[in-house]
Amino acid sequence: MPSRPDSDQSYQQFHFLMNAPALFNAAATATELGVFEFLHQHPRSLFEEVREHTRIPAHQLRVLLQAVCAAGLLTRTDGRYSNAPVADDLLSTDAEDSWSHILLGWKEVYYPAFVHMTTALRTGTNTALATYPGDEPTLYQRLSRDPELEAVFHRAMSAFTLRSLDALAERPEFGGVRRLLDVGGGDGTTSLRLVARHPELTATIFDIPSVSKLADDKIATFSDRVDLRPGNIFTDDFPVGSDAVLFSHVLEIFAAEQILALLKKAYDALPPGGRVFIYGYNVSDDETSGVYSARLGLYFNVLASGQGMAYPATDYEEWLRQVGFTAVETVRDMPYEHGLTMGVR
Ligand SMILES: C[S@@+](CC[C@H](N)C(=O)[O-])C[C@H]1O[C@@H](n2cnc3c(N)ncnc32)[C@H](O)[C@@H]1O
């Protein structure tokens, strides 16, 4: 059996990758037990102090803390534990954009589904969806039967969206928009940030009724400039009267024919000169890089919709042209593997 030198970076990455699911879960459990939050407030704590806070048996805490140290998220010096700087920045608070929400959403929804990956990819359908009650074709619709999990899921999505949203909100193109239709706008996180940044902008959030209810709570502060359109983006008409349509993290869920149908609906709902914005993850054009995009594509195909991926920007550009949009272009290399593809009716 050939062996590789320990100095080989790809070998080190291989070690980390093979153990990553266990370390991910240790980080999620430490988050749920409030370890990072406690050590943020009480750096250099002794084992007994962490134990008093977490209230788990000493041996099990010993095992957990070793794992989280090995993952690089905690340090232990002279027997005292502290957050590593990256954990202190990203995991130690309950703020809306905290990675702690993202971790819990991935732990509860994404990663349990991946035991179905081989079957799902072999059979070409999202077999993990069978673990959720209902007969609706996507996870988003089935989650409406479990409001608690739906809230965890949307809190995670909102936290992640907040992390990548500023690059979108800062785009000068939104300065020229007056009425935005935010298709699949979720709990309103994106529209709220856009209207806060652009004082002339008003927005309509179009999403399924149970998600619109989540948005209802959030939009209170901007209720004069943000409204809700509960419904199904495929079977219900797009409201008219907007001069721009935004698809943020939505088209990537679906297959090419469905994307073309949604883009055609956007085209028909827009006036001449109206704009379309497609914001989300893009794999590289040669489809070899993008770890966030990889996770997302697998999640769609194993669980969420049974199709879709973080398509390369060139796919979106081609679909926009096919539907009739002009001045098609993409802003590439935005944070978190994001891109913004735009067109004009
Ligand atoms: C990945 S989330 C994106 C949310 C938000 N746009 C963002 O960027 O954070 C996809 C959204 O599409 C919505 N969605 C999926 N299928 C839908 C359908 N058929 N009709 C209405 N909304 C749908 C989901 O409920 C969910 O809120």
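1. Helix H13 covers residues 291-304, and its 14 residues should span 20 Å at 1.5 Å a residue; the end C-alpha atoms lie 18 Å apart, which agrees. The expected span is 1.5 Å times one less than the number of residues. Helices (H or I, at least four residues) and strands (E, at least two) are DSSP runs, numbered from the N terminus.

2. The model is predicted: local features need pLDDT of at least 70, side-chain atom pairs count only at pLDDT 80 or more, and totals for chains, interfaces and linings use all residues. Residue numbers start from 1 along each chain as its sequence is written.

3. Buried residues of H13 include Ser293, Leu296, Tyr299 and Phe300. Buried means 20 or more other C-beta atoms, placed from the backbone, within 10 Å of the residue's own. Among the elements covering the buried residues of H13 are helix H6 (99-113) and strand S8 (275-281); contact means C-beta atoms, placed from the backbone, within 7 Å. Gly306 follows H13 with a positive phi, near 80 degrees.

4. Strand S10 (residues 338-344) has six of its seven residues buried. S8 runs antiparallel to S10, joined by seven bridges; pairing requires at least two DSSP bridges. Phe277 stands opposite Met342.

5. Strand S9 (residues 326-334) also pairs with S10, antiparallel, over five bridges. Met334 stands opposite His338. Three residues separate S9 and S10 in a hairpin, and Tyr336 in the turn has a positive phi of about 55 degrees.

6. Thr161, Gly184, Gly186, Ser248 and His249 come nearest of the 18 residues around the ligand. Near means a C-beta atom, placed from the backbone, within 6 Å. Helices H9 (147-169) and H10 (189-197) each supply at least two shell residues.

Key
A residue is buried if 20 or more other C-beta atoms lie within 10 Å of its own, exposed if 12 or fewer, and partly exposed in between; C-beta atoms are placed from the backbone. Two residues are in contact if their C-beta atoms, placed from the backbone, lie within 7 Å.
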